[in-house]
Amino acid sequence: MLGQRSIRRGSKWVCTFVAAACLAGFAVSLLYWVAWRDSSYRVAVWIEGGFVGGKWGSAPRTPPPVAAGFEFAELPAAMRGVGLWPRVMHNPNSDSLEVPLWMPFLVTAGPAAWLWRKDRRLAKLARVGKCTGCGYDRAGVGARAKCPECGLAETSPSQSRR
Ligand SMILES: [Zn+2]
């Protein structure tokens with residue numbers, strides 16, 4: 001049970017972090033173009049206009065005019081805008097895919113919200129002295145004893161936290 005619980009806690013934080021990153025990325029991408037690329041110019045990832053994009057493929061014939069690493073530029077007003085749906089582009093030298101940030105946001109924010117709610121419910125159960133596994137009233141059961149109903153050993157989420 002403990003293993004399952006730490007997996008759940010891990011996914012809760014990962015989902016929360018990714019969802020928050022999508023939100024922050026979206027806000028930034030409305031005004032800025034932020035990209036990272038490798039020195040060969042084979043791989044690049046960026047955010048722009050509500051999208052997170054990636055490019056992969058063979059290197060272009062001429063080396064890129066900029067060095068590898070992060071690049072950051074304000075978007076000219078004419079280039080600002082938000083797209084809603086994924087875009088795939090096939091170029092002679094590379095393929096690229098752009099995914100609107102609302103997609104990874106929805107995929108992670110939904111589970112994150114569910115997991116946060118579930119944790120709150122469990123904490124509430126533990127506060128009123130009920131088993132967090134099955135809701136059995138643990139009054140009279142030793143703090144370290146297993147739940148007589150479902151066999152869950154842990155009594156409250158706060159006790160399992162370091
Ligand atoms: Zn129980």
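Helices (H or I, at least four residues) and strands (E, at least two residues) are DSSP runs, numbered from the N terminus. This is a predicted model, in which local features need pLDDT of at least 70 and side-chain atom pairs count only at pLDDT 80 or more, while totals for chains, interfaces and linings use all residues. Residues are numbered from 1 along each chain as its sequence is written.

**View 1. Overall fold and confidence of the predicted protein.** The protein contains three helices and six strands, and from the N terminus on these elements follow the order α-β-β-β-β-β-β-α-α. The pLDDT, which is the predictor's confidence in each residue on a scale from 0 to 100, averages 86 over the protein, with 88% of the residues scoring at least 70. Confidence is highest in helix H2, at a mean of 94, and lowest in helix H3 (residues 157-160), where the mean is 45. Over residues 155-162 the pLDDT is below 50, and this stretch has 15 contacts in the model beyond near neighbours in sequence; two residues are in contact if their C-beta atoms, placed from the backbone, lie within 7 Å. Among contacts between residues at least 6 apart in sequence, 53% join residues at least 24 apart.

**View 2. The open sheet of six strands.** The strands are arranged in the order E4-E1-E2-E3-E6-E5, with antiparallel pairing, where two strands pair if DSSP finds at least two bridges between them. Strand E4 (69-74) and strand E5 (87-90) stand at the edges with a single partner strand each, so one side of each has no neighbour in the sheet. From one strand to the next the twist averages 15°, the axes being lines fitted to C-alpha atoms (for helices, over the stretch in contact) and the angles running from 0 to 180 degrees between N-to-C directions.

View 3. Strand E2 (residues 43-48) and strand E3 (residues 51-57) run antiparallel and are joined by six bridges, with Val 45 standing opposite Gly 54 of E3. The hairpin of E2 and E3 has two residues between the strands, and within this hairpin Gly 49 takes a positive phi near 55°. E3 also pairs with E6 in the antiparallel sense, over seven bridges, and here Gly 54 stands opposite Leu 97 in E6.

View 4. Arg 87 has Glu 98 in E6 as its bridge partner, and His 90 stands opposite Asp 95 in E6.

**View 5. The largest nonpolar core.** A nonpolar core is a set of buried Ala, Val, Leu, Ile, Met, Phe, Trp, Tyr and Cys residues joined through C-beta atoms within 7 Å. The largest such core holds eight residues, namely Cys 15, Ala 19, Cys 22, Ile 47, Phe 51, Val 52, Leu 101 and Ala 112. Helix H1 (2-31) and E3 each supply at least two residues of this core, with H1 giving the most, three residues. Residues up to four places away in sequence being left out, Ile 47 touches Gly 25, Val 28, Ser 29, Val 34 and Val 52.

**View 6. Phe 51 and its surroundings.** Phe 51, placed in strand E3, counts as buried because it has 23 C-beta neighbours inside 10 Å; a residue is buried if 20 or more other C-beta atoms lie within 10 Å of its own, exposed if 12 or fewer, and partly exposed in between, with C-beta atoms placed from the backbone. Leaving aside neighbours within four places in sequence, Phe 51 is in contact with Ser 29, Gly 83, Glu 98, Val 99, Pro 100 and Leu 101. Phe 51 and Pro 86, which are 35 residues apart in sequence, lie 8.2 Å apart in space, C-alpha to C-alpha. In the protein, buried residues make up 14% of the 162 residues.

View 7. Ala 73 lies in strand E4 and is exposed, because 11 other C-beta atoms lie within 10 Å. Ala 73 touches Tyr 32 and Trp 33, not counting residues up to four places away in sequence, and its C-alpha is 5.2 Å from that of Trp 33, although the two residues are 40 residues apart in sequence. Trp 116, found in helix H2 (residues 102-127), has 13 C-beta neighbours inside 10 Å and therefore counts as partly exposed. Trp 116 and Arg 9 are 107 residues apart in sequence, yet 9.0 Å apart in space, C-alpha to C-alpha.
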